Every structure is written in C-alpha cells, then in structure tokens.
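Subject: Structure handover

Dear colleague,

I am passing on the structure below, followed by an account of what was found in it. Please read the notes with the coordinates open beside you.

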Amino acid sequence: MKKDDHLVVALVSLVLAATLHVMPVTGSWIVWKPNFLLLVTMAWIFHRPSEFGVFFAASVGIFADFLMRSTLGHHMLMFAFCGALIGVLSRWSQFLSFIQRIVLVSLIVLLVGFVEASIFAAYDISAALTQVPMVALFSALFWPIIDKLIARSSAVDY
Amino acid sequence: MRNVFNKASSPARKFLIIAFVAVSFMLIDSFTPWMKPIYSAVDNVVRPIYWLSNIPLRLEAWSENAVVPRSELERNNLRLTKESLIYHGQLQRMSDLAAENTRLRRLLNATELLVDNVLVTEVIGVSSNPLRHTLTVDRGSDDGVYVGQPLLDAQGLMGQIIDVHTNHSTALLITDMSHALPVQVLRNGVRSIAQGLSDYNLLQLQFVSPTSDVVVGDTLVSSGLGGLYPVGYPVGTIISIERNPGDSFLNIQVDPSAEIDRSRHLLLVFTSSGADSDAAAP
C-alpha cells in the first residue's frame, strides 16, 4: 500500500514535470530550459531506489517519447541509461554531499545531452552541441528545488 | 505495477535488456508505419498536458486584455480604425493590380495564380527539444488540415504540417535542421534552397554559385518549386554573404521573415493541390 501511494505521488510529480517540460517558451530561452522530466525521474530513483529503478526510468522515457513525438525508444534509452547509472552509483550516491550530488546530476544531464546528440547524428540531424552544457547547467540550478520537493514527498509515510 | 518497478540485482543487466527493446522500437518506428496508430491513440491521452502547459500563457493573454485601462482601449480602437481604413485603401489598389496581373499573365499564356484560402490557428505547444523545431497548433483533421500544409505568420512562411490529429496538428518549422525550402530572390528570380540550421533566427542558402547576382538585403520568397509551398510568400532577407576561395558555392545566411520563436497566432494555407488531395478547404 505504501509503495503504491509513492507511485501515485511519483505519477503526479511526473505530470507536473511534463507540463513544465512542454510549456512554450520564447525560442532563445528554450536552450536554457532544464530537462524537468529527467530531473524528477532521477530524484525519485535517488530517494527511493528500492521502488524506482531502471524500468521506472524506461517507462518515463516511453512517456516522454509519446509526449514529445520523438522516435519511440529514443527517450526510453536515455532515461533507462540514467536510471542504470544512478542504480550503479546508488551505494555511493547516498554518501554524497549536497554539492557533490548537484555536480553528479549536471554530469548525468550533460552525458545524456551528448548521447541524445549522437542519436540525432544517426538520423543525419546535426546537433548543436554548444546548447548541451547550458541545459546541464540550468538543470543543476533547478536540481536543489526538485530534490527538496521529491525528498519531502518520498519521505512521507502514507 | 509493484513488481514492474522493483529493484533488480543488476541495473546494468536491466539496462541492456531495455536498450535492446529501445533500439528495436527505434528501428521499427523509423522504417515502418506500425507505430502510427499507437501514437495517434496515445496523443489524445497526453494532449491534456499540453493544455495544462498553456494555462500560464492564456492567463497572461487574459490579464493583458482584462487589465487595460479604458483610455488605452480607446486609443487602440482609434489606431485600428485608422489602420483598417488605410488597408482598405491599399486593398482597392491591390485588387486593381491583381486584375492587371491576371490580364498580363493571360497575355503571356502563363497559368493564373490562385488565391489561397487560410485558416487562423493558435500555437498550443512548442517542441521542448532545442534540436527539433516543431510546434503544435490547435487545428486538426476536423478543420480540414492535411500533412504538408504550409503554415504562415503575419510576416512570412513558418513551416509545414507533418502530423495531423483530430483537433490538433504538429508543424515542422523552416528553421529545423531537416527542413529545406525552395526559394527565389524577389529582385531577380535567382533560385536556391533555404536550409534550416536549428537556429530560430537563421537559415542558410544552398547551392548559390559565386557568380550569382545576390546581395545583402535581398528579399527571398517561396518559389513554389516542389509543389508544397505556394509561390510568393516571404521567407527571409539575406544578412551575410561569404565567398570562400576553396568552396564551389557561396555561404549565404538568411534572417527568416517570420517571427518563428514568437508568433502565437498563425495561418494555415489551403493550397489547391493539397486541399484537393487530402482535405477540403473550409
């Protein structure tokens, strides 16, 4: 019962993240928009690794594919990659300080950005690689807020 | 559901399984149309998220209209009345010119330019991926929208419809990397291809030889070649021309006429060929 309630809260947080993710912004600002869906997914895996893992990340990735009308499997692959990375690092990540966790998150977003650019390259779409660090930087800036909110939600006993 | 999200012994092994499934999905989606019905079905489920994401913009638009002082409304009304009068005057001149143009084209045995029908639409979503320049508009197959339909704003060409659903559609913008648009220089008719660069403020002209008569400031319009875009809609203005001695073609950069990252109200153009083949004009 407790796990299912966490799942409901996670789904609500993901819908909110998706809403922020697709919110129309002026073109020049779009490159600064953090990857909200990925951040919320990572936050849940960080805080509840026993309940949310690689399959959860992959499910959110499929949802992102449908939401953004990207090639099916594209976001699934990237989100699952993040989930697996956090899963592999989960033993160490719980001992990381706040700043170290921010750096880890920005590095993961950066890595995902480059993986995404590589996938685009496979489709003959040249990626603007200079935009990837900006997204990582802003994701790192938003991470403390998202981390705090998810930590509070995941800590509640339903 | 509980079993699905349980932690496994090895995240790496799980990732390998998912990677295999994801790559299979990507190949199927890229090379077959099998996923289309799934996308159409799921699209109606994710649509409320786009509706939610538009609430702040709708509130902003509503507050802009609701909190305007009466004096400003009166000023705007007066200005719009004057503008309407001026445009009506210009329109009378335009109809005279259009009639003259038709007579001259008949003399030259050229085909007549058709007047295109348009449908006003509003942007309800913008691609969150900086590398994919697409947007979602609030008109779909119920309104007669069809794949390949040109999209304009008040200043120029914006893009074309690539995906149509019941009550919304997705458009690929002319600035997307994968988009190319046949254009011609308004001044002398020199033809070229305007290629997107995934930059909202820049296009690049392809295959223009160093001897071509193009100068900075030239206006580009759609040439109509390819049959997708109608002739004569503004595309952009040439802002720089570079001649590199080793290159066969000029490096020409173009500032798009349309306010691609700002316009919210757009026009869907019903060209005769597209409307005949896919849907009827409203």
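Before anything else, please keep in mind that this is a predicted model.

I begin with chain B, where buried residues make up 32% of the 282 residues. Its secondary structure consists of five helices and twelve strands. When the contacts in chain B between residues at least 6 apart in sequence are considered, 55% of them join residues that are at least 24 apart. The domain assignment divides chain B into domain 1, covering 11–53, domain 2, covering 65–107, and domain 3, covering 116–282. For domain 2 and domain 3 of chain B, the C-alpha centres are 25 Å apart.

Chain A, by contrast in its secondary structure, has seven helices and zero strands, and along the sequence it reads α-α-α-α-α-α-α. Of its 158 residues, 50% count as buried. Among the contacts in chain A with a separation of 6 or more, 64% are between residues 24 or more positions apart.

Two packed helices are described by the angle between their axes and the distance between the axes. Helix H3 of chain A (residues 36–47) packs with helix H5 of chain A (residues 74–93) at an angle of about 35 degrees, and their axes lie 10 Å apart. The crossing in which H3(A) passes H5(A) is right-handed. On the H3(A) side, the contact is made by A:Leu38, A:Thr41, A:Met42, A:Ile45 and A:Phe46, while H5(A) contributes A:Phe79, A:Cys82, A:Gly83, A:Ile86 and A:Ser93. Sorted by class, the residues in this contact of H3(A) with H5(A) are seven nonpolar and three polar, with no charged residues.

Further along chain A, A:Ser97 is found in the loop between H5 and helix H6 (98–122). Is A:Ser97 buried or exposed? A:Ser97 counts as exposed because 8 other C-beta atoms lie within 10 Å, and a residue is exposed if that count is 12 or fewer.

Notes:
Residues are numbered from 1 along each chain as its sequence is written. Chains are lettered from A and ligands numbered from 1 in the order in which they are written. This is a predicted model: local features need pLDDT of at least 70, side-chain atom pairs count only at pLDDT 80 or more; totals for chains, interfaces and linings use all residues. Axes are lines fitted to C-alpha atoms, for helices over the stretch in contact, and angles run from 0 to 180 degrees between N-to-C directions. Helices (H or I, at least four residues) and strands (E, at least two) are DSSP runs, numbered from the N terminus. A crossing is left-handed if the near helix is turned anticlockwise from the far one by less than a right angle, and right-handed if clockwise. Two residues are in contact if their C-beta atoms, placed from the backbone, lie within 7 Å. Ala, Val, Leu, Ile, Met, Phe, Trp, Tyr, Cys and Pro count as nonpolar, Asp, Glu, Lys and Arg as charged, and the others, Gly among them, as polar. A residue is buried if 20 or more other C-beta atoms lie within 10 Å of its own, exposed if 12 or fewer, and partly exposed in between; C-beta atoms are placed from the backbone. Domain bounds come from an automatic or database domain assignment.
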